[in-house]
Amino acid sequence: DAVDMGEGGGRHHGGGAGTDRRGGHHHAAAEAGLGEGNGGMGHALLVMGAPGRQFVAHLVERLAQAGYYVDAARARDAFGRRLQFNAIEMRSAFKIDLIFRKNRPWSHEELGRRQPAELSPGVSVSLASPEDTILSKLEWAKKAGRSEKQIDDAAGVVEVSRGVDRTYIERWARELDVLDLWREIAGSEQ
């Protein structure tokens with residue numbers, strides 16, 4: 001049985017092994033897989049649309065059945081306050097940040113651009129586009145006072161994702177007020 005990530009569902013951008021500008025781990029393109037073969041310690045991002053309380057309870061249950069640790073009380077609190085919570089795969093320490101979508105134009109568009117994928121046997125999710133993951137990371141970087149980790153993660157996605165839609169990123173980077181950060185990591189292909 002797959003968890004339906006449709007209307008109430010979400011998007012995810014998976015992390016595999018990789019190196020960022022400082023030599024640490026970064027988010028790899030969706031095609032790299034969801035933590036498989038990365039020696040553990042992968043990281044993923046799942047942004048959920050507007051799920052109901054029942055959906056969140058079902059998701060927590062399905063993730064637990066698939067071998068993930070999830071704090072159910074934290075998940076309920078995150079749902080009520082539109083925050084994030086985590087799920088950690090017990091064998092590999094693969095971490096998923098689960099975030100509730102904001103009610104704004106870009107957030108609606110990024111959710112509409114998601115692509116289906118299987119997180120683990122029986123748990124289906126939707127992958128974020130590399131472009132939307134880059135924008136999300138840049139926005140986090142700005143909110144965290146210029147977080148180098150988030151900037152490195154975004155740069156890593158640019159590095160491993162061939163053919164990103166730079167026009168799309170530039171348009172939304174301007175709207176999200178992260179155009180300076182985008183231009184910093186965009187490289188010479190800008």
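What follows is a chat about strands, helices and salt bridges.

Modeller: First, this is a predicted model, where local features need pLDDT of at least 70, side-chain atom pairs count only at pLDDT 80 or more, and totals for chains, interfaces and linings use all residues. Residues are numbered from 1 along each chain as its sequence is written, and side-chain values use heavy atoms, with hydrogens and water left out.

Colleague: How do you know that strand S6 and strand S7 pair?

Modeller: Strands (E, at least two residues) and helices (H or I, at least four) are DSSP runs, numbered from the N terminus. Two strands pair if DSSP finds at least two bridges between them. S6 (residues 115–120) and S7 (residues 123–127) share 5 bridges in the antiparallel sense, so they pass. Glu 118, for instance, stands opposite Ser 124 in S7. The two strands form a hairpin with 2 residues between them, and Gly 122 in the turn has a positive phi of about 90°.

Colleague: What makes H4 largely enclosed by the rest of the structure?

Modeller: Buried means under 20% relative accessible area, exposed means over 50%, and partly exposed is in between (1.4 Å probe, protein chains only). In H4, 11 of the 14 residues are buried, so the helix is largely enclosed. Among them are Pro 130, Ile 134 and Leu 138.

Colleague: And why is Lys 142 called partly exposed?

Modeller: Its relative accessibility is 39%, so Lys 142 counts as partly exposed.

Colleague: What makes Lys 142 and Asp 177 a salt bridge?

Modeller: The rule asks for a side-chain nitrogen of Lys or Arg within 4 Å of a carboxyl oxygen of Asp or Glu. Here the N to O distance is 2.5 Å, so the pair qualifies. Lys 142 lies in helix H4 and Asp 177 in the loop between H6 and H7, so the pair ties together parts that are 35 residues apart in sequence.

Colleague: How many salt bridges does a search of the whole structure find?

Modeller: It finds 15 salt bridges.
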